[in-house]
Amino acid sequence: MAKPAERSAARLAAVQALYQMDVSGTNVTEALAEFESHWLGREVEGIKFQPSDVNFFRAILEGVVKDQRAIDVKIDKALADGWPLARIEAVLRAILRAGGFELMFRKDVPVRVVITEYVDVTHGFYDQDEPGLVNAVLDTLARDVRAGELEKKSAGQAKP
């Protein structure tokens, strides 16, 4: 089983690859090949990229591409009226799609882990309101696609 840090690094790499695919038109096969051979766990131009869970990275990237239409529809519903996903900046779009994929299709990963991880990824790129936006959108999406999972945890905790 992969270490949590390797899964975190895989999420960050998946967001970076999704961004690259979005802005440059790179396909999933090219993105996988480039990231696996040149980025994951390597040092590039003095920057050390952390070792990643390559299988998890692949699952996120391939899953987002395969199910992008369904993911985008759910994210659009979770965004504020008048702000479709197409209007969202490319890095945020990549973060929301990756988080949306995990919430919708990786039921083995707890909701709170998904939300926390992608909010953390967002902090790596932004220092304004964007982490709050990611938190709110993924929370709304989670309540839609995994109804009750967040509430179950709260209900099981003793009240002071």
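Select Thr26: leaving aside residues up to four places away in sequence, Thr26 touches Gln20, Met21 and Ala31, where contact means heavy atoms within 4.5 Å. The model is predicted, so local features need pLDDT of at least 70 and side-chain atom pairs pLDDT 80 or more, while totals for chains, interfaces and linings use all residues. Residues are numbered from 1 along each chain as its sequence is written, and side-chain values use heavy atoms, without hydrogens and water.

Thr26 sits in the loop between helix H1 (4-24) and helix H2 (28-39). Helices here are DSSP runs (H or I, at least four residues), numbered from the N terminus. Thr26 counts as buried because its relative accessibility is 16%; buried means under 20% relative accessible area, exposed over 50%, and partly exposed in between (1.4 Å probe, protein chains only). Now show the side chain of Ser24, which makes a polar contact of 2.6 Å with the side chain of Thr26. A polar contact is a pair of N or O atoms within 3.5 Å; within protein, one must be able to donate a hydrogen and the other to accept it, and residues adjacent in sequence count only if both atoms are side-chain atoms.

Next, select Asp22, in helix H1. Asp22 is partly exposed, at 33% relative accessible area. Its side chain and that of Arg93 are joined by a polar contact of 2.6 Å. Asp22 also lies 8.1 Å from Ala94, C-alpha to C-alpha, although the two are 72 residues apart in sequence.

Move on to helix H5 (residues 90-105). Of its 16 residues, 15 are buried. At the start of H5, a side-chain oxygen of Glu89 comes within 3.1 Å of the backbone nitrogen of Val91.

Axes are lines fitted to C-alpha atoms, for helices over the stretch in contact, and angles run from 0 to 180 degrees between N-to-C directions. H3 and H5 are therefore roughly perpendicular, a term for angles of 65 to 115 degrees. Phe56, Ala59, Ile60, Gly63 and Val64 in H3 meet Arg97, Ala98, Phe101 and Glu102 in H5.

Last, select helix H4 (residues 68-78), whose axis comes within 9 Å of that of H5 and crosses it at roughly 100 degrees. H4 is thus roughly perpendicular to H5. Among the H4 residues that meet H5 are Gln68, Ile71 and Lys74.

Conventions
Helix = DSSP H or I, 4+ residues; strand = E, 2+ residues; numbered from the N terminus. Parallel < 35°, antiparallel > 145°, perpendicular 65-115°, else oblique.
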